[in-house]
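Colleague: Could you walk me through this model? I would like to start with the aromatic side chains.

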Amino acid sequence: MKNCLAMGSHTQVSEFILLGLSEQPLHRQILFGLSFGLYLIGCTGNLLTILAIVRDPHLHSPMYFFLSNLSLLDICFTSTTIPKMLVNHLCRNTTISFSACLAQMYFFIAFGAADSILLSAMAYDRYLAICCPLHYVTIMSILRCASLVLIPWISANLISMVHTILMTCLSFCTNRIPHFLCDLNALIKLSCSDTQVNEMLVLVLGGSVVLIPFVYIMASYTPIAVAVWKVPSAQGRWKAFSTCGSHLCVVSLFYGTIIGVYFNPASTHTTQKDVATTVMYTMVTPMLNPFIYSLRNRDLKGALRRLLSRNSFAKPL
């Protein structure tokens, strides 16, 4: 138990200093350009995916409804942290107030957790489409689809609220965060208070929002793989797999990096490793998602081409 009050070294902080991705000026310039490029490409790609799905009636199905919500979550997820980091670099001001830091942490956890739970809902959708095609339309009603989207949003916000309220009860001896965002683990490490409850809830709530959906997704794909293997024609097997392959790519990228940061022994953690892994799931994965889905999906590629073509924006005469 850490008790800085007893040691007389406790100070109450009103703001934090985000040390960023690197302390080297040259590295900061390169990382700024890279971060800006990834953020711009990611937001543009996800926004185009949403617009293509909304404007094309052929894509008004549960699978694309979930995909459009995933794209919206990716935009919100990256916008929680990256713009602040870019502004800090341009203004040469790396401070963030205590309340703004908690707000950033709240939305970062909420959007990340909702992303995780939504991926499991997408796996459920693929399971029904491939393993129960005759009952798919009946089961995946409008109400069921809406529920599968609302549950991640509500659950994620409740989990984030718990972490944020507990964080307000902690005291901090230093205000220097060795990160480019107000990360939950980084803030816990800075605390002088007893953080056993916080650390326990990171594992318990983190397990419920990361490990359980991940295990559910892997379990869903077992009968999917069996069903695809039984498809007689190679073309049919490829078509069935193409609807799931993109989802598996996203799952691997997202969960692989998050598990690497939050569910490894503390002794294996280094600041550089945690920051690099966080960059993967906060910048790289959201940027890759629209490309992974569109490149493996003929219908979505066609909708994107129509959206970007001159006729899509031309006004009728």
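Colleague: Is Tyr 106 buried or exposed?

Modeller: This is a predicted model, where local features need pLDDT of at least 70, side-chain atom pairs count only at pLDDT 80 or more, and totals for chains, interfaces and linings use all residues. Residues are numbered from 1 along each chain as its sequence is written, and side-chain values use heavy atoms, leaving out hydrogens and water. Buried means under 20% relative accessible area, exposed over 50%, and partly exposed in between, with a 1.4 Å probe and protein chains only. Tyr 106 has 16% relative accessibility, so the residue counts as buried.

Colleague: Which geometry does the pair of Tyr 106 and Phe 107 have?

Modeller: Rings of Phe, Tyr and Trp (its six-membered ring) pair if their centres lie within 6.5 Å; planes under 30 degrees apart are stacked, over 60 edge-to-face, and the rest tilted. The whole structure holds 10 aromatic pairs. In this one the ring centres are 5.2 Å apart and the planes stand at 90°, so the pair of Tyr 106 and Phe 107 is edge-to-face.

Colleague: What is the phi of Arg 92?

Modeller: Arg 92 sits in the loop between α4 (82-91) and β2 (95-97), and its relative accessibility of 74% makes it exposed. Although Arg 92 is not a glycine, its phi is positive, at about 55°.

Conventions: Helices (H or I, at least four residues) and strands (E, at least two) are DSSP runs, numbered from the N terminus.
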